[in-house]
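Me: I have a model open and want to walk through it with you. Can we go piece by piece?

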Amino acid sequence: MGKRRVQFCICRFPVLKWTENFARQERGGGILLKSKVAVVECREYRQELVDEAVRKVVGLLGGWERFVGKEERILLKPNLLAKCPPEKACTTHPQVFAAAGRALRKEGYPHLFFGDSPGNHLIGVEQTAQGCGILPEARSLEIPTADFSEGEKVDFPEGHAADHFILCKGAREADAIINLCKMKTHQLERITGAMKNTFGCVYGFNKGASYARFPNADLFGQMIGDLNLLVKPRLHIMDGIVAMEGNGPQSGEPVKMGLILASADPVALDSVFCALVSLDPKLVPTNVYGQEYGVGTCEAAQIEVVTDGETLTVEEAAVRWGNPDFKVERSADFKGRINMLRFFQPLLDRKPYIKKDRCVGCGICIQACPLEEKAIFFRGGKPAYHYRKCIKCYCCQEMCPKQAIDVKQTRLAKLADRNWRL
Ligand code: SF4
Ligand code: SF4
């Protein structure tokens, strides 16, 4: 039997760390220990349907009491990227947030809070939550807002890429975090699901600074891997009823997937999301480093999908619920695969560009650029790029409220993708 490493997280609670040991022991003929991902169909955001789906999906994993205690301060952490109405599928739907809150209240959990660090720190949690429809649900369930207006430095010497984080006080003070993430695409990491949603525990402007400190998809994925080791949400529930495809995480298109998913293993959960949209999970750096650092597994053989009365493999789940036409970046990852192309990496990175007909000249993209010497600036009333300075973090694209920034492959990348796809 493989060893479990017991660690103490910032929530002052011992948690079990998934380690490669499990897999090694299994290959040696021992007991197979797989990460469980629960999947339940839910066709629309009708309160009774979502309540039932959340009840089932958590029940399939053993119930709330497996993850949280009645005396604990529990932070519900939805995705509150921006003040977007729920129908844009940019944030966790208020019905999913409310279903989790209602279920916990019904089971007698008194100490519930909610919060997230929005993309635009100046707007604040409550205003953003109001815009997303979550604040009225929180009010009606008497779930107060956690303190996300202050940050605290937390040293993390065990980190692989990050030795410290500036975390929001509300996340720091929580005994347990329940991650209520959204099924969406992301220009830097390809997807934003369970792993990436923990980034909202990082305080305000430090989120932007993190993009500058970890200026490419790989380094950013390493930082997210470390962050998950530190904050360790106990349970991840993914709103995949209507997902976002294409130009995510804010400017993509809503697409029906009709699912609620949950797991204690965020890497496994994100990997099932990848399988459902025909994306190789190993092209997602948060999966790769999440697995490498022991947060979870992205190996299909080490994941089991549980649903109403059945256990499926990841492949069977993809056949049953998958959407192979889901628009997500599937181009090859040239880094580390074709060494000779490393030299050309700057020419292979996908470039953000402005759709001038949509741009209203608000300047949010320029504020969002994390570089001291901005790589985006106004020229003739509309933003323009200084591509040599640009680190391709796509914060500008992420924060544009008018879907006026998209990202395109360079000609060389298209050529390489066509000819050397592995
Ligand atoms: S954030 Fe979008 S709409 Fe605003 S200036 Fe930038 S590109 Fe234009
Ligand atoms: S211009 Fe956009 S993509 Fe480039 S560094 Fe600034 S925010 Fe990142």
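Me: Where is Glu65 found?
Reply: Glu65 sits in the loop between α2 (47–60) and β4. Helices (H or I, at least four residues) and strands (E, at least two) are DSSP runs, numbered from the N terminus.

Me: Before we go on, what should I know about the model and numbering?
Reply: This is a predicted model, in which local features need pLDDT of at least 70 and side-chain atom pairs count only at pLDDT 80 or more, while totals for chains, interfaces and linings use all residues. Residues are numbered from 1 along each chain as its sequence is written, chains are lettered from A and ligands numbered from 1 in the order in which they are written, and side-chain values use heavy atoms, with hydrogens and water left out.

Me: Back to Glu65. Buried or exposed?
Reply: Glu65 counts as exposed, at 54% relative accessibility. Buried means under 20% relative accessible area, exposed over 50%, partly exposed in between (1.4 Å probe, protein chains only).

Me: Which residues is Glu65 in contact with, leaving aside its neighbours within four places in sequence?
Reply: Glu107 and Tyr109. Contact means heavy atoms within 4.5 Å. The C-alpha atoms of Glu65 and Leu104 are separated by 9.7 Å, and these two are 39 residues apart along the chain.

Me: And Glu310, where is that found?
Reply: Glu310 is in strand β13. Glu310 is partly exposed, with a relative accessible area of 35%. Neighbours within four places in sequence aside, Glu310 is in contact with Val305 and Arg320.

Me: Zooming out. How many helices and strands in the protein chain?
Reply: The protein chain has 16 helices and 17 strands. Of its 422 residues, 58% count as buried. Take the contacts with a separation of 6 or more: residues 24 or more positions apart account for 71% of them.

Me: Now helix α4. Which residues are buried there?
Reply: In α4 (residues 125–132), Val125, Thr128, Ala129 and Cys132 are buried. Seen down the axis of α4, these fall within an arc of 100 degrees, so they line one face of the helix. The arc is that of the directions from the helix axis to the C-beta atoms.

Me: What covers the buried residues of α4?
Reply: The cover includes α3, β5 (112–114) and α5 (134–140). Just after α4, Gly133 takes a positive phi of about 85 degrees.

Me: What about α12, which residues are buried?
Reply: Val314, Ala317 and Trp321 are the buried residues of α12 (residues 314–321). Down the axis of α12, they fall within an arc of 55 degrees, so they line one face of the helix. Their cover includes β3 (35–41), β11, α10, β12 (303–307) and β13 (310–312).

Me: α10 again. How do α10 and α11 cross?
Reply: The axes of α10 (residues 266–276) and α11 (residues 285–292) come within 10 Å and cross at roughly 145 degrees. Axes are lines fitted to C-alpha atoms, for helices over the stretch in contact, and angles run from 0 to 180 degrees between N-to-C directions.

Me: Which residues meet there?
Reply: From α10, Val267, Asp270, Ser271 and Cys274; from α11, Asn287, Gly290 and Gln291. By class, that contact has two nonpolar, four polar and one charged residues. Ala, Val, Leu, Ile, Met, Phe, Trp, Tyr, Cys and Pro count as nonpolar, Asp, Glu, Lys and Arg as charged, and the others, Gly among them, as polar.

Me: On to the ligands. What surrounds ligand 1?
Reply: 13 residues surround ligand 1, and the closest are Cys359, Cys362, Gly363, Cys365 and Cys400. A residue is near a molecule if one of its heavy atoms lies within 4 Å of it. The shell of ligand 1 divides into 10 nonpolar, two polar and one charged.

Me: And which residues come nearest to ligand 2?
Reply: Cys369, Cys390, Cys393, Tyr394 and Cys396, of the 14 residues around ligand 2. That shell has 13 nonpolar, no polar and one charged.

Me: What is the phi of Ala89?
Reply: Positive, about 60 degrees, although Ala89 is not a glycine. Ala89 lies in the loop between β4 (74–78) and α3 (94–106). At 1% relative accessibility, Ala89 counts as buried.
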